[in-house]
Amino acid sequence: MTVTALVSAKSCGVTTSALAMTLSSTRPSLLAECDPAGGTIRAGLFQAQITAGTGLYHLAVAERAGEDALAQAFASHLVSLDESGNRQVLPGLTDPAQAPALTRTWPALAQVMRVLSDEGGYDVVIDAGRLALESGRLHHTLTPAPLLHGADLVLLVVRATDQSLALARHMTEPLRNELTDRGTGPDALGVLLIADGPRRAHEVSEALRLPVMAALPWEPDTAAYLAGTGRAPRGLKKSALLSSARNALGHLQAAASRRALHQKYAPTAPAPVPAALPAPAVAPAPALEAPAPKVAGVLQRLGQGKVDPRV
């Protein structure tokens, strides 16, 4: 299926949007809360029912013991979002000080996400949080860059306001460069628009020079429930937010499929005309390595002996 990473220039509803997409998926789905600044789902939607003994940080510890340990630990640190267990979440960090420990773990987690999507048929949504830059590039500790590199789509979440656009405008070029040099290509980048403001989709697209790949309505009641600050509204599954998120996932899946076909059948560039001096070699953009068999084994471990930490 699709691996979609959500990011923002500032808090713009990334986690709420990611939850809406995960809950509305018609397929098995996973939300990975990978914001280095810390997760909010544990204290929000789960109302502190999930202890610090479950979550992302423990995968960094397991990864140091080897890929097989990471695969075994991954399933045990997922929490169900529904009774069926088809929609799950990997709770994020409890302390931003834990972020440096994950620097060497992000590439392995990117492989796990790829396996879940390609081999397990999961819709994977990555909450990558607020972007942080260093010398015009993504910060290697404060942004989970390898997860963005391996995603099918990277969506910059913005609200339909001038303030939100002004903040996001400074992030588009660094993101585009990052995906060109290290990711799956600049066309993986787009906008997820939160319709909380006067700006229309075409205005947002023109301002950021990016396509608006999906849009979600501003629905305070459902958003408050997902943020853990309100009760579940009646008819939650049929709410405007979840219905729109379901449609958005369909659009994103189609966009990712088109990208995959284009990359597979892209025309071969003609051979260059020999010059007096040979042209300098250009290194290809690095690609994710094929998943190791032990990492791929995460699919067999999902649901095996898993205990919901809230029970």
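Contact here means heavy atoms within 4.5 Å. This is a predicted model, in which local features need pLDDT of at least 70, side-chain atom pairs count only at pLDDT 80 or more, and totals for chains, interfaces and linings use all residues. Residues are numbered from 1 along each chain as its sequence is written, and side-chain values use heavy atoms, with hydrogens and water left out.

**Whole chain**

Switch to a cartoon view. The protein chain has 11 helices and 10 strands. Helices (H or I, at least four residues) and strands (E, at least two) are DSSP runs, numbered from the N terminus. Of the chain's 311 residues, 50% count as buried. Buried means under 20% relative accessible area, exposed means over 50%, and partly exposed lies in between, with a 1.4 Å probe and protein chains only.

Now colour by pLDDT, the predictor's confidence in each residue, from 0 to 100. The chain averages 88, and 87% of the residues score at least 70. Select residues 279–286 next: here the pLDDT is below 50. Beyond near neighbours in sequence, this stretch has 5 contacts in the model.

Select Ser 11, Gly 13, Val 14, Thr 15 and Thr 16. Of the 31 residues lining the largest pocket, these are the closest to its centre. The volume of this pocket is about 460 Å³.

The search runs on a 1 Å grid over the protein atoms alone. A pocket is an open set of points with protein on both sides within 12 Å along at least five of seven lines, whereas a cavity is a set where a 1.4 Å probe fits but cannot get out. Lining residues have an atom within 4 Å of a point. Grid points are joined across faces, edges and corners, and a volume is the space filled by probe spheres set on the points.

**Glu 63**

Go to helix α2 (residues 57–63) and pick Glu 63. Is Glu 63 buried or exposed? Its relative accessible area is 14%, so Glu 63 counts as buried. Show side chains: a polar contact of 3.1 Å joins Glu 63 and Arg 104. A polar contact is a pair of N or O atoms within 3.5 Å; within protein, one must be able to donate a hydrogen and the other to accept it, and residues adjacent in sequence count only if both atoms are side-chain atoms. Leaving aside neighbours within four places in sequence, Glu 63 is in contact with Leu 70, Arg 104, Thr 105 and Ala 108.

**Salt bridges**

A salt bridge is a side-chain nitrogen of Lys or Arg within 4 Å of a carboxyl oxygen of Asp or Glu. By this rule the count comes to 15.

Select Asp 152 and Arg 114. Their closest N and O atoms are 2.8 Å apart in a salt bridge. Asp 152 lies in the loop between α5 (145–150) and β8 (153–159) and Arg 114 in helix α4 (residues 106–118), so the pair ties together parts 38 residues apart in sequence. Both residues are buried.

Move to Asp 162 and Arg 199, a salt bridge with closest N and O atoms 2.7 Å apart. Asp 162 lies in helix α6 (residues 162–181) and Arg 199 in the loop between β9 (189–195) and α7 (201–208), so this pair ties together parts 37 residues apart in sequence. Asp 162 is partly exposed at 42% relative accessibility. Arg 199 is partly exposed too, at 30%.

Arg 199 also forms a salt bridge with Glu 203, at 3.4 Å between the closest N and O atoms. Next, select Arg 137, Glu 178, Asp 181 and Arg 182: salt bridges that share partners join them into one network.

**Two loop residues**

Finish with Ala 48, in the loop between β2 (29–33) and α2. Ala 48 has a positive phi of about 65 degrees although it is not a glycine. Its relative accessible area is 58%, so Ala 48 is exposed.

Then select Ser 135, in the loop between β6 (133–134) and β7 (137–138). Phi of Ser 135 is also positive, near 55 degrees. At 76% relative accessibility, Ser 135 counts as exposed.
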